[in-house]
Amino acid sequence: MDFDTLFGPYVQGATKIVLTDPYIRLFHQARNLMEFIETVARVKPDDQRVEVELITSEEEFSPEKQQEFFEQIQKNCLPSGILFSWKFEDGIHARHIVTDTGWKVLLDRGLDVFQKYEMNDAFTLANRLQKHRACKAFEVTYIRQ
């Protein structure tokens with residue numbers, strides 16, 4: 001299982017993608033977000049611009065670190081034609097992806113579907129390829145709007 005399989009067909013062709021997940025706060029969650037954006041980059045035409053907006057909750061203990069993650073993602077996505085933005089909203093709980101092509105993907109765990117793995121070992125396949133990671137139990141529902 002990987003994000004390309006889970007999300008690729010549903011974000012393909014979209015020019016606006018809104019990901020709502022209140023739990024994009026810590027490093028591994030920001031890394032999951034970046035891997036989702038990598039899926040978007042793989043399925044979009046090279047000459048197409050895609051807006052990816054994140055709606056999340058602000059991290060209460062180290063918001064500056066969270067802000068730093070998002071700024072790095074934004075800067076590194078721009079050359080690929082992906083315009084990443086984010087906003088903070090209080091009180092959100094539901095996790096989903098909505099595209100301007102009519103798809104709504106309900107995510108009961110958000111993007112946090114992988115069990116812990118060694119992120120610092122450059123020679124571990126699980127570090128580079130999602131399909132080699134153990135998964136947590138999760139559900140995804142695809143709705144055509």
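The model is a predicted one, in which local features need pLDDT of at least 70, side-chain atom pairs count only at pLDDT 80 or more, and totals for chains, interfaces and linings use all residues. Residues are numbered from 1 along each chain as its sequence is written, and side-chain values use heavy atoms, with hydrogens and water left out. Helices (H or I, at least four residues) and strands (E, at least two) are DSSP runs, numbered from the N terminus.

Which residues of helix 1 are buried? They are Phe3, Leu6, Phe7, Gly8, Tyr10 and Val11. Buried means under 20% relative accessible area, exposed means over 50%, and partly exposed lies in between (1.4 Å probe, protein chains only). The cover over the buried residues of helix 1 includes strand 1 (16-20), helix 2, strand 4, strand 5 and strand 6 (140-144).

## The chain as a whole

The protein chain has 4 helices and 6 strands. Read from the N terminus, its elements follow the order α-β-α-β-α-β-β-β-α-β. The chain has 145 residues, of which 43% count as buried.

Contact means heavy atoms within 4.5 Å. Among contacts in the protein chain with a separation of 6 or more, 75% are between residues 24 or more positions apart.

## Helix 1 against helix 2

Two packed helices are described by the angle between their axes and the distance between the axes. The axes are lines fitted to C-alpha atoms, for helices over the stretch in contact, and angles run from 0 to 180 degrees between N-to-C directions. Helix 1 (residues 3-11) packs against helix 2 (residues 27-43) at an angle of about 55°, and their axes are 9 Å apart. Helix 1 is therefore oblique to helix 2. Angles under 35 degrees count as roughly parallel, over 145 as roughly antiparallel, 65 to 115 as roughly perpendicular, and the rest as oblique.

The two helices cross in a right-handed way. A crossing is right-handed if the near helix is turned clockwise from the far one by less than a right angle, and left-handed if anticlockwise. On the helix 1 side, the contact involves Phe3, Asp4, Phe7, Gly8 and Val11; on the helix 2 side, it involves Asn32, Glu35, Phe36, Thr39, Val40, Arg42 and Val43. By class, the residues of this contact are 6 nonpolar, 3 polar and 3 charged. Ala, Val, Leu, Ile, Met, Phe, Trp, Tyr, Cys and Pro count as nonpolar, Asp, Glu, Lys and Arg as charged, and the others, Gly among them, as polar.

## Helix 2 against helix 3

Helix 2 also packs with helix 3 (residues 63-77), at an angle of about 20° and with the axes 10 Å apart. Helix 2 and helix 3 are therefore roughly parallel to each other. Their crossing is right-handed.

Helix 2 brings Phe27, Ala30, Leu33, Met34 and Ile37 to the contact, and helix 3 brings Phe69, Phe70, Ile73 and Cys77. The contact has 9 nonpolar residues, with no polar and no charged ones.

## Asn32 and Asp112

Asn32 is in helix 2. Asn32 counts as buried because its relative accessibility is 6%. Apart from residues up to four places away in sequence, Asn32 touches Phe3, Leu111, Asp112 and Phe114. The Asn32 side chain reaches the backbone oxygen of Leu111 at 3.5 Å.

Asp112 is in the loop between strand 5 and helix 4 (125-128). With a relative accessible area of 18%, Asp112 is buried. Neighbours within four places in sequence aside, Asp112 is in contact with His28, Asn32 and Lys136.

Where is Thr101 placed? Thr101 is in the loop between strand 4 (96-99) and strand 5 (103-107). Its relative accessibility is 28%, so Thr101 counts as partly exposed. Leaving out neighbours within four places in sequence, Thr101 is in contact with Tyr10, Gly13, Ala14 and Arg144. The side chains of Thr101 and Thr99 make a polar contact (2.8 Å). A polar contact is a pair of N or O atoms within 3.5 Å; within protein, one must be able to donate a hydrogen and the other to accept it, and residues adjacent in sequence count only if both atoms are side-chain atoms.

Val140 belongs to strand 6. Val140 is partly exposed, at a relative accessible area of 23%. Beyond neighbours within four places in sequence, Val140 is in contact with Leu6, Val105, Leu106 and Leu107. Val140 and Phe7 are 133 residues apart along the chain, and their C-alpha atoms are separated by 9.8 Å.
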